[in-house]
Amino acid sequence: MKKTLMALTLPALLVAQVAWADVMVKMPSNFEILATEQVRIKRATKQVALPEGDQHILVRFDSPTNPHSTAQSLGFVSSKPILVSFTAKDGEVVSLVPPRIDTQQEVKTFARQPTFKLVDANGDAVEHESSMVLFEGSPMTADYNAILADQIVSPAPVLSSTAVAGSGVAAVNAAQIDVNNLTPQQADALLRDLYKNADEKRRKDFMRWALGL
């Protein structure tokens with residue numbers, strides 16, 4: 001009976017962990033996420049869910065010139081992109097917290113050299129590194145995903161998949177990745193991605209294998 005109950009509940013727990021135990025990164029009203037290493041985003045956003053491990057994201061300060069105006073008639077002031085690097089575990093919520101900014105002059109001064117801290121859900125500081133990123137061209141047409149990629153010295157290995165002829169099943173191209181060179185965090189992220197991208201049959205096969213059935 002106990003073995004049967006475990007066989008029924010463990011798959012649900014594993015699936016729930018894969019589906020929900022991501023790292024949530026959140027921005028305040030005057031910051032936005034431009035790009036992330038792990039998840040490609042099409043436009044700036046205030047929050048994003050990422051797999052655990054080492055994170056490299058591009059953010060930007062973007063505020064009305066008058067921070068207390070609802071009409072926003074004076075336009076906006078934006079900073080250069082900022083590369084932020086940190087490490088987070090599954091289930092963590094990481095929030096960017098800037099200092100209080102009250103005046104138009106403070107907005108303009110802050111945009112030239114933004115400062116902030118990262119905190120977890122308990123308000124504890126999350127260790128991180130940050131640096132301004134200079135680039136040529138218009139902020140309106142910039143490819144921030146490409147800009148981020150240029151800033152990352154050692155990007156995480158990228159999984160490459162090809163379709164197995166006649167089977168319709170995605171197979172890992174072993175020539176593209178060496179699992180022995182992965183960190184534990186990268187291995188977990190890879191396993192998670194494989195599970196998310198698998199069809200229903202392969203997910204069931206994986207669960208049977210994981211449970212020894």
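Which side chains does a polar contact of 2.5 Å join? They are the side chains of arginine 60 and glutamate 32. Keep in mind throughout that this is a predicted model.

Arginine 60 has its place in strand β4. With a relative accessible area of 12%, arginine 60 is buried, because the cut-off for that label is under 20%. Besides the contact with glutamate 32 at 2.5 Å, the side chain of arginine 60 makes a polar contact of 3.0 Å with the side chain of tyrosine 144.

If you set aside the neighbours within four places in sequence, the residues in contact with arginine 60 are Asn30, Phe31, Glu32, Leu34, Ser78, Ser79, Lys80, Pro139 and Tyr144. Several of these names come back below, including Phe31, Lys80 and Tyr144.

## Aromatic pairs

A pair of aromatic rings is described by the distance of the centres and the angle of the planes. In this chain the count comes to six aromatic pairs. In one of them, the rings of phenylalanine 31 and phenylalanine 110 have centres 6.2 Å apart and planes at 85°, so the pair is edge-to-face. Phenylalanine 31 belongs to strand β2 (residues 31-36) and phenylalanine 110 to helix α2 (residues 104-112), so this pair ties together parts that are 79 residues apart in sequence. Phenylalanine 31 and phenylalanine 110 are both buried.

Phenylalanine 135 and tyrosine 144 form another edge-to-face pair, at 6.0 Å centre to centre with 80° between the planes. Phenylalanine 135 is buried, at a relative accessible area of 18%, and tyrosine 144 counts as buried at 10%. Lysine 80 lies over the face of phenylalanine 135, 5.9 Å from the ring centre. There is also an aromatic cluster, formed by Phe31, Phe61, Phe110 and Phe116.

Which residues of α2 are buried? They are Val107, Phe110 and Ala111. These residues cover an arc of only 100° around the axis, which means that they sit on the same side of α2. What covers them includes β2, β4 (53-64), β5 (76-78) and β9 (128-132).

Now turn to the face of α2 that points away from the buried side: it carries the exposed residues Gln105 and Arg112.

## Aspartate 22 in its loop

Aspartate 22 is found in the loop between α1 (2-20) and β1 (23-26). Is aspartate 22 buried or exposed? Its relative accessibility is 15%, so aspartate 22 counts as buried.

Leaving out neighbours within four places in sequence, aspartate 22 is in contact with Ala49, Leu50, Pro51, Asp90, Gly91, Glu92, Arg192 and Lys196.

## The chain as a whole

Stepping back, the chain has five helices and 11 strands. It has 213 residues, of which 31% count as buried. The accessible surface of the chain comes to about 13,600 Å², and 54% of that belongs to carbon and sulfur atoms.

Contacts across the sequence can be summed up too. Among the contacts in the chain with a separation of 6 or more, 60% are between residues 24 or more positions apart.

Technical notes. Residues are numbered from 1 along each chain as its sequence is written. This is a predicted model: local features need pLDDT of at least 70, side-chain atom pairs count only at pLDDT 80 or more; totals for chains, interfaces and linings use all residues. Side-chain values use heavy atoms; hydrogens and water are left out. Helices (H or I, at least four residues) and strands (E, at least two) are DSSP runs, numbered from the N terminus. Buried means under 20% relative accessible area, exposed over 50%, partly exposed in between (1.4 Å probe, protein chains only). Contact means heavy atoms within 4.5 Å. Rings of Phe, Tyr and Trp (its six-membered ring) pair if their centres lie within 6.5 Å; planes under 30 degrees apart count as stacked, over 60 as edge-to-face and the rest as tilted. A charge sits over a ring if NZ of Lys or CZ of Arg is within 6 Å of the ring centre and within 35 degrees of the ring normal. The arc is that of the directions from the helix axis to the C-beta atoms. Accessible areas come from the Shrake-Rupley method with a 1.4 Å probe; for residues, only the protein chains shown count as cover. A polar contact is a pair of N or O atoms within 3.5 Å; within protein, one must be able to donate a hydrogen and the other to accept it, and residues adjacent in sequence count only if both atoms are side-chain atoms.
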